[in-house]
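Please read them with the structure open.

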Amino acid sequence: MTTTSIERNEAGAPLISVRDLSVSYDVARTGKRLTAIEGVDLDVHEGEFITVLGPSGCGKTTFMNVVAGLVKPTTGTVLVGGSPVTGPGPDRAVVFQDYALLPWRTVFDNVKFGLEMQKELKGAGWRERVQEAIELVGLAGFEQSYPRELSGGMQQRVGLARAVVAEPRILLMDEPLGAVDALTREVMRDEIEKLMAATGKTVLFITHSIEEAILLGDRIVVFKSHPGAIKEIIETGLERPRSERSIQHDPRFLELRDHLWDALQGEATAAAVSK
Amino acid sequence: MSAFLAAGPNLGRGGIGAWLAGLSPAGKAGVLAIEVVVMLVVWQLVVGVFGWINPVFLPPPTAIAQGFVELVAGGTLWPNMLISAQAWLIGFAIAAVIAIPVGLLMGSSLPMDRVVGPIAWTIYATPTIAYQPLAKAWFGFGIGPVIFLVAVSALFPILLNVAAGMRTTNASIIRAGKVYGASRTQLYRSVYLPSTVPFLFAGLRQAVVLATIGMVVAELAGSASGMGALIIKAANTYQTDQAFAAIAIVVAWSVGMTQVVTLVERWAAPWTRKGRR
C-alpha cells in the first residue's frame with residue numbers, strides 16, 4: 001500500500017478482529033448439519049473499506065450477520081473495538097440487499113428509525129441530522145414519500161441514509177446494489193465510494209461483482225464455498241479517489257479483474273456442480 | 001375467443017384495459033354508474049316491458065322502487081332497519097374486540113397458534129346457519145341470537161387475518177429492527193403491529209360481508225323484527241317487490257360498511273393505498 005493513512009491505521013489495534021470463526025447449524029428438513037463458514041480469520045482496521053467477494057451460497061452474508069450480531073458464532077471469536085460481539089449495537093449499522101425499509105414510514109421516518117430505537121430523539125438537532133443524511137444521499141424533496149413510491153435505487157439511498165445517520169463506526173453492506181438496476185448500480189457505486197471516502201467509515205461490503213469489489217475495496221476478501229472460508233485476501237492498491245470510469249483502463253484494475261475472474265470461475269463451477 | 005385468450009390477461013397494459021386503468025376516480029364512478037343503469041334498463045325491459053319473466057318471481061326495478069315506497073309509507077322499514085343495524089354494530093364490535101387481541105396473541109406465539117388455531121378454523125368452517133337454532137335456544141327470541149350470529153360470523157375472518165399478518169411480518173424488516181437496536185417492546189410496536197394493519201383491514205372487510213349474512217340468517221327464521229324478518233314476511237305474502245327492496249337495503253348496508261372500512265384504512269394506513277387499478 002502506498003497511502004500513509006492506511007499504514008498509520010494498521011499500526012493500532014484492529015477495529016474488527018475475527019479469529020477462527022465457524023458457523024454451522026442443523027437443517028431440520030434433512031436432519032444434516034450444515035457448515036456455513038469455517039475457520040475465518042480477519043482483521044479490519046479503522047477506516048478500511050473491505051469488500052467481501054464470493055459466489056452465491058459461500059457464506060459471506062452469514063459472515064456479515066455474525067459481525068452484525070444477528071448470528072451467533074458456533075466457534076471462534078469476533079471482537080469489535082476490543083470487546084466480543086454479543087448482539088447488534090449502535091457501533092454497527094447494516095444496509096440490506098432488499099432495503100428492509102418500513103413500508104408504513106415515510107423516507108424521513110425511515111431514516112430516523114435507528115435514532116428512535118436508540119432513544120436519541122430527545123436531544124436537540126436530531127431533525128437536522130436526519131435531514132442532513134437525506135440530503136447526503138440525494139433524496140432532498142422526497143422526505144414525505146413512502147418507500148413504494150420510490151425506485152429501487154432511491155429506496156437503497158434511504159437504507160444508506162438510515163445507516164449513516166446513526167453515526168456507527170462500522171457500516172455493514174450486504175450486496176446493497178444487488179437488487180438495483182444496472183445503470184443505477186454504476187452511479188451508486190461511485191456515490192458510495194465518495195460518501196465513504198468523505199466520512200472515513202470502516203466498511204464491510206459484501207458483493208458478488210468483481211468490478212464492485214475492486215472499485216470500492218482497499219482490500220478484497222475472496223470467499224470460497226463448501227464450506228465457506230476465506231480463499232485469499234488481496235490489496236487493491238489503487239489510488240483514491242476512484243470512479244467507475246477512472247479505473248476502467250488502469251492496468252492494476254485489469255490485472256486484479258483477471259486474477260479474480262480465475263479465482264471465482266473455479267468457485268462458481270464448483271458451487272454449480274455441488275448443487 | 002381464442003384470439004382473446006391468446007392476448008393474455010388484460011390487466012391494464014393495452015386497449016380498453018389501459019383506458020380503464022387510466023381513469024380518474026370520477027371517471028371510474030362514471031363507468032360504474034353506466035354499468036348499473038344498463039343493467040337496470042335490461043332488467044326493466046326483460047321483466048316489465050316484454051314480460052318474459054313473471055314479475056311475482058322477479059319484480060322489475062320500478063316495482064322494487066314501488067315496494068320501497070310502500071315499506072317506508074307502511075312504517076315498517078325504519079324500526080326494522082334500526083333493530084338490524086343495532087344488532088349488527090353490537091355484534092361486529094364484540095367480534096373485533098375479541099378477535100384483534102386473540103389474533104395478535106395467536107400470531108406471536110406458536111403454542112397459542114397450535115391451541116387456538118384448529119378451534120378457530122373449525123368454527124370458521126361451519127356454516128353460520130347451523131348455529132341458528134342453537135342461538136335461539138341460548139339467547140331467546142329478541143336481538144340476542146342476531147348479535148350472537150353476527151359476532152360469530154365476523155370474529156374468525158378478523159382473528160385469522162390478524163394472526164396471519166403477525167406471523168408473516170417480513171423477516172428482513174425484523175432483522176433491520178434488531179440491527180438498529182429495537183427492544184422487544186419496540187419491535188412489537190414499531191414492526192409487528194404496523195405490518196399487521198393491512199391484514200386487519202382485509203379481515204374487517206371479509207367480516208362485514210359475513211356479519212351481514214349472519215344477521216339475515218338469524219332474522220330469517222323465527223325473528224319478529226329486523227331486515228331478515230321483513231324479507232321473509234314480504235316473500236311469504238307474495239309481496240316480492242317489498243322483499244327485493246329489503247334485500248337491496250341489506251346489500252347497500254354491506255357494501256356501504258365495506259366502503260367505511262376502506263375509508264378508515266386509507267386514513268389510518270395511507271401507505272397501503274395501492275397503485276391505480
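**Notes on the two chains**

1. In chain A, strand β1 (residues 16-27) and strand β4 (residues 75-80) are joined by five bridges and run antiparallel to each other. Within this part of the fold, Ser17(A) sits opposite Leu79(A) of β4(A). Please keep in mind that this is a predicted model.

2. The pairing of β1 and β4 belongs to an open sheet of four strands in chain A, with the order β2-β1-β4-β5 and antiparallel pairing. At the edges are β2 (32-44) and β5 (83-84) of chain A, each of which pairs on one side only.

3. Chain B is built otherwise: it has 12 helices and zero strands.

4. Some overall values for chain B follow. Its C-alpha atoms fill a box of roughly 70 × 60 × 35 Å along the principal axes. The chain has 277 residues, of which 34% count as buried. Among contacts in chain B with a separation of 6 or more, 70% are between residues 24 or more positions apart.

5. Where do the chains meet? Contacts link 18 residues of chain A with 13 residues of chain B. On the side of chain A that touches chain B, the elements giving two or more residues are β6 (92-95) and α4 (113-117) of chain A. The largest share, three residues, comes from α4(A).

6. By class, that side of chain A consists of 15 nonpolar, two polar and one charged residues.

Key
Residues numbered from 1 in each chain as written. Chains lettered and ligands numbered in written order. Predicted model: local features only at pLDDT ≥ 70, side-chain atom pairs only at ≥ 80, totals over all residues. Buried ≥ 20, exposed ≤ 12 C-beta atoms within 10 Å, placed from the backbone. Contact = placed C-beta atoms within 7 Å. Pairing = 2+ DSSP bridges. Nonpolar A, V, L, I, M, F, W, Y, C, P; charged D, E, K, R; others polar.
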